[in-house]
Amino acid sequence: QVRLVESGGGLVQAGGSLRLSCAASGGTFSAYDMGWFRQAPGKGRDIVAAIRWSAGSPSYADSVKGRFTISRDNAENTVYLQMNSLKIEDTAVYYCAAKLRGSSWSRPDYWGQGTQVTVSS
């Protein structure tokens, strides 16, 4: 059983930056592709960024390209999401997720508990 714990959320002004972290335990971290999702009030949970087990091939939602960067440290069992130039519409609960290689992001194997990011004007 893999446990994912997010941290780093908070309140920030528009144009500011935050870095989210997700610490994994209980499994072989390098066996999993990792992703960040977000869910705004009244909306569905959408993938924001993902990175493969080898730390290659990062991918991003169009809405965050050029502003967010996903990275991972397999030695530290941690995945990061650096968020720059934050916009009010980035306000959401951000979730870390893990899936085994070859499976789909439509049904991740594990979820974190989420961390709130609020961007103010």
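The largest nonpolar core has 29 residues, and Leu 4, Met 34, Trp 36, Val 79, Leu 81, Met 83 and Tyr 94 have the most contacts inside it. A nonpolar core is a set of buried Ala, Val, Leu, Ile, Met, Phe, Trp, Tyr and Cys residues joined through side-chain atoms within 4.5 Å; buried means under 20% relative accessible area, exposed over 50%, and partly exposed in between (1.4 Å probe, protein chains only). The model is predicted: local features need pLDDT of at least 70, side-chain atom pairs count only at pLDDT 80 or more, and totals for chains, interfaces and linings use all residues. Residues are numbered from 1 along each chain as its sequence is written, and side-chain values use heavy atoms, with hydrogens and water left out.

- A second, separate core has 5 residues, among them Ala 50, Tyr 95, Ala 97 and Trp 105.
- Leaving aside residues up to four places away in sequence, Met 83 touches Gly 16, Ser 17, Leu 18, Leu 20, Arg 67, Phe 68, Tyr 94 and Val 117, where contact means heavy atoms within 4.5 Å.

**Salt bridges**

- The count comes to 4 salt bridges, each defined as a side-chain nitrogen of Lys or Arg within 4 Å of a carboxyl oxygen of Asp or Glu.
- Asp 33 pairs with Lys 99, with the closest N and O atoms 2.7 Å apart. Asp 33 lies in strand β4 and Lys 99 in strand β9, so this pair ties together parts that are 66 residues apart in sequence. Both Asp 33 and Lys 99 are buried.
- Arg 67 and Asp 90 meet in a salt bridge through their side chains (2.7 Å, N to O). Arg 67 sits in the loop between β6 (59–60) and β7, and Asp 90 in the loop between β8 and β9, 23 residues apart.
- Arg 67 and Asp 90 are both buried. Salt bridges with shared partners join Arg 38, Arg 67 and Asp 90 into one network.
- Lys 65 forms a salt bridge with Asp 62, the closest N and O atoms being 3.1 Å apart. Asp 62 counts as exposed, at 66% relative accessibility.

Definitions and conventions
Helices (H or I, at least four residues) and strands (E, at least two) are DSSP runs, numbered from the N terminus.
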